Structures are given as structure tokens and as C-alpha cells.
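Biologist: I have the sequence and the coordinates open. Could we go through them together?

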Amino acid sequence: KRQKHSDRFDHYVSTFSVWESKFMNGDDTRLAKQPPRRLEILRGCFEGAKNERVVAALKIVYMDYAALRLGGDLIFKLMSKLVR
């Protein structure tokens, strides 16, 4: 079970990196129409995914605490809708 959570978290982090390269390098016209608060969350996800210490800390929390894992899953789901 822990491996499943670890793999999912790693997928989230790598996906944020892909999205950042796609949307922050010119393909962001669709993002301009989104609510500013959600864009701020998305930008925060991009920044957090680049910081190894933040990623390591969040991974521990994600794997160990179900309530926070649900929150992480919700954030990823909301951001997925934003970029798709």
C-alpha cells in the first residue's frame, strides 16, 4: 500500500513538471481564463515540484497521513481540470 502511495505522489510531481514546461513556455492562453486563485495554486505546485526538500517532506506527509493524502489527491484533481 505504501508503494502505491509513493508511486502516485511521484506521478503527481513529474506531471507538474510536464505541465509547467507546457504552460509556462507559451501555451498558457487557456490558463489566462482561469480564476486567479487557482492559477496561484498551480504556480505553487510548479515551484514546490522543483524543490527537492519540499518534495521529500510532502511525500512523507502524503504517504503517512490519509487526510492529507486526500487533500493532495483533491489538489491534483483540481489542477488536472485546470490544465486539460
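Predicted model: local features only at pLDDT ≥ 70, side-chain atom pairs only at ≥ 80, totals over all residues.

Biologist: What is the radius of gyration, and what would a compact globule have?

Modeller: The radius of gyration of the protein chain is 13 Å. A compact globule of 84 residues would have a value near 12 Å, so the two agree. Along the principal axes, the C-alpha atoms fill a box of roughly 40 × 20 × 15 Å.

Biologist: What share of the residues counts as buried?

Modeller: Of the 84 residues in the protein chain, 33% are buried. The accessible surface amounts to about 5800 Å², and carbon and sulfur atoms contribute 58% of that surface.

Biologist: And the contacts: what fraction joins residues 24 or more positions apart?

Modeller: Among contacts with a separation of 6 or more, 77% are between residues 24 or more positions apart.

Biologist: Let us change topic to α2 and α4. At what angle do their axes cross?

Modeller: Helix α2 covers residues 36-50 and helix α4 covers residues 66-83. Their axes come within 10 Å and cross at roughly 110 degrees. An angle of 65 to 115 degrees counts as roughly perpendicular, and α2 and α4 are therefore roughly perpendicular to each other.

Biologist: Which residues meet there?

Modeller: From α2, the residues are R38, L39, I41, L42 and C45. They meet I75, M79, L82 and V83 of α4. By class, this contact of α2 with α4 has eight nonpolar residues, one charged residue and no polar residues.

Biologist: Now F9. Where is it found, and is it buried or exposed?

Modeller: F9 is found in helix α1, which covers residues 2-23. Its relative accessible area is 9%. Buried means under 20%, so F9 is buried.

Biologist: What is F9 in contact with, leaving aside its neighbours in sequence?

Modeller: Beyond the neighbours within four places in sequence, F9 is in contact with V55, L58, K59 and Y62. The C-alpha atoms of F9 and M63 are separated by 8.2 Å, although these two residues are 54 residues apart along the chain.

Biologist: What about H11: which helix does it lie in, and how does its accessibility count?

Modeller: H11 lies in helix α1. Its relative accessibility is 43%, so H11 counts as partly exposed. The C-alpha atoms of H11 and G71 are separated by 16 Å, and the two residues are 60 residues apart along the chain.

Biologist: Finally, what can you say about K4?

Modeller: K4 is also found in helix α1. With 47% relative accessibility, K4 counts as partly exposed. K4 and G48 are 44 residues apart along the chain, with their C-alpha atoms separated by 21 Å.

Terms used. Residues numbered from 1 in each chain as written. Heavy atoms only, no water. Axes fitted to C-alpha atoms, helices over the stretch in contact; angles between N-to-C directions. Helix = DSSP H or I, 4+ residues; strand = E, 2+ residues; numbered from the N terminus. Parallel < 35°, antiparallel > 145°, perpendicular 65-115°, else oblique. Contact = heavy atoms within 4.5 Å. Nonpolar A, V, L, I, M, F, W, Y, C, P; charged D, E, K, R; others polar. Rg over C-alpha atoms; globule rule 2.2 N^0.38 Å. Buried < 20%, exposed > 50% of the residue type's maximum accessible area, 1.4 Å probe, protein only. Areas by Shrake-Rupley, 256 points an atom, 1.4 Å probe, with all protein chains shown as cover.
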